[in-house]
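Q: I am new to this structure. Please show me how to read its features.

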Amino acid sequence: MIITETSFSDLRLYARGKVRDVYEVDEDHLLIVATDRLSAFDCILPTAIPRKGEVLTAISKFWFGKLGEIGVLHHLVTTDVNEMPEIVQKHGDILRARSMFVKKTKVFPVECVVRGFLSGSGWKDYLQTGEVCGYKLPENIRESQKLPENLFTPATKAAAGHDENISEAEMSKIIGVGATAQLKNLSLKIYDFAANFAASRGIILADTKFEFGTNKDGRIILVDEVLTPDSSRFWSADAYKARGAQASFDKQFVRDYLETLEWDKQLPAPPLPPDIVAATTERYLSAYRILTGELL
């Protein structure tokens with residue numbers, strides 16, 4: 001079953017993002033539904049990707065569990081619809097395998113990006129300025145090359161339109177110096193752990209983005225999705241070369257296809273042909289299979 005949008009009359013819609021529909025279940029909990037929508041260049045595409053929502057949910061569940069090994073607190077309560085409140089269970093036919101019942105938090109209005117390799121918007125910034133989010137980099141670094149050190153490169157969170165890379169100083173003006181330092185340290189810690197684990201499975205975690213919030217006790221916890229093909233660049237270690245585009249297990253494959261079209265990266269976005277859709281589904285499923293060692 002392909003799900004592109006959900007609507008439940010007995011649940012209050014809390015937010016509708018580019019991929020996820022979020023509902024308020026009670027005072028302390030939210031229901032996050034991962035649809036099969038796909039966004040690229042901050043535009044929602046008119047073509048859905050079969051099983052995408054399942055993969056995003058399953059990979060997030062996997063990583064939330066793994067990150068417990070290094071003491072990372074997170075918002076996930078369960079992905080099992082049968083363990084969710086009765087009001088949610090009634091919609092199990094739609095929600096099964098694509099929903100997370102989570103603790104409500106006050107989310108920081110920034111995205112915490114960590115880069116181990118130079119790619120994407122970081123590469124474009126480097127070409128223009130020689131810097132990435134305030135970090136001056138050595139000359140002659142090539143696209144997809146490993147950086148001298150992992151970089152914390154935050155971004156603004158745009159409800160619509162394009163997110164923008166910002167410096168730590170700019171982030172501090174938004175959420176404060178202390179919170180910025182905490183989120184930076186936590187982001188680098190998670191990235192280092194995840195990158196080492198992914199490497200053991202033959203995958204390079206080139207970069208990723210995290211979101212954090214504070215719970216009722218004021219503690220910082222990891223929220224939203226985590227280390228998925230939507231929020232990360234996963235490259236094949238066997239096929240890696242330190243220049244140019246890489247063989248990936250994420251939606252960069254779709255971005256690369258869209259770059260071949262005469263499209264101004266504004267809505268409406270163009271539809272995807274069947275072969276691109278099928279190949280994208282396979283890349284998402286491969287990411288899950290390789291990382292977890294299990295079939296979905």
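A: Start with exposure. Buried means under 20% relative accessible area, exposed over 50%, and partly exposed in between (1.4 Å probe, protein chains only). At 67% relative accessibility, K216 counts as exposed.

Q: What should I know about the model itself?
A: This is a predicted model; local features need pLDDT of at least 70, side-chain atom pairs count only at pLDDT 80 or more, and totals for chains, interfaces and linings use all residues. Residues are numbered from 1 along each chain as its sequence is written, and side-chain values use heavy atoms, leaving out hydrogens and water.

Q: How many salt bridges does the structure hold?
A: Side chains of opposite charge can pair when their charged atoms come close. A salt bridge needs a side-chain nitrogen of Lys or Arg within 4 Å of a carboxyl oxygen of Asp or Glu. The structure holds 17. One of them joins K216 to D28, with the closest N and O atoms 2.6 Å apart. K216 and D28 are 188 residues apart. D28 is partly exposed, at 29% relative accessibility.

Q: Are D21 and R37 buried or exposed?
A: Both are buried. D21 forms a salt bridge with R37, the closest N and O atoms being 3.0 Å apart.

Q: Which residues cover the two faces of β16?
A: Strands are DSSP runs of E, at least two residues, numbered from the N terminus. In β16, S232, F234 and S236 lie on one side, R233 and W235 on the other, and all are buried.

Q: In which sense do β14 and β16 pair?
A: Two strands pair if DSSP finds at least two bridges between them. β14 and β16 pair in the antiparallel sense over 5 bridges. D207 stands opposite R233 in β16.

Technical notes:
Helix = DSSP H or I, 4+ residues; strand = E, 2+ residues; numbered from the N terminus.
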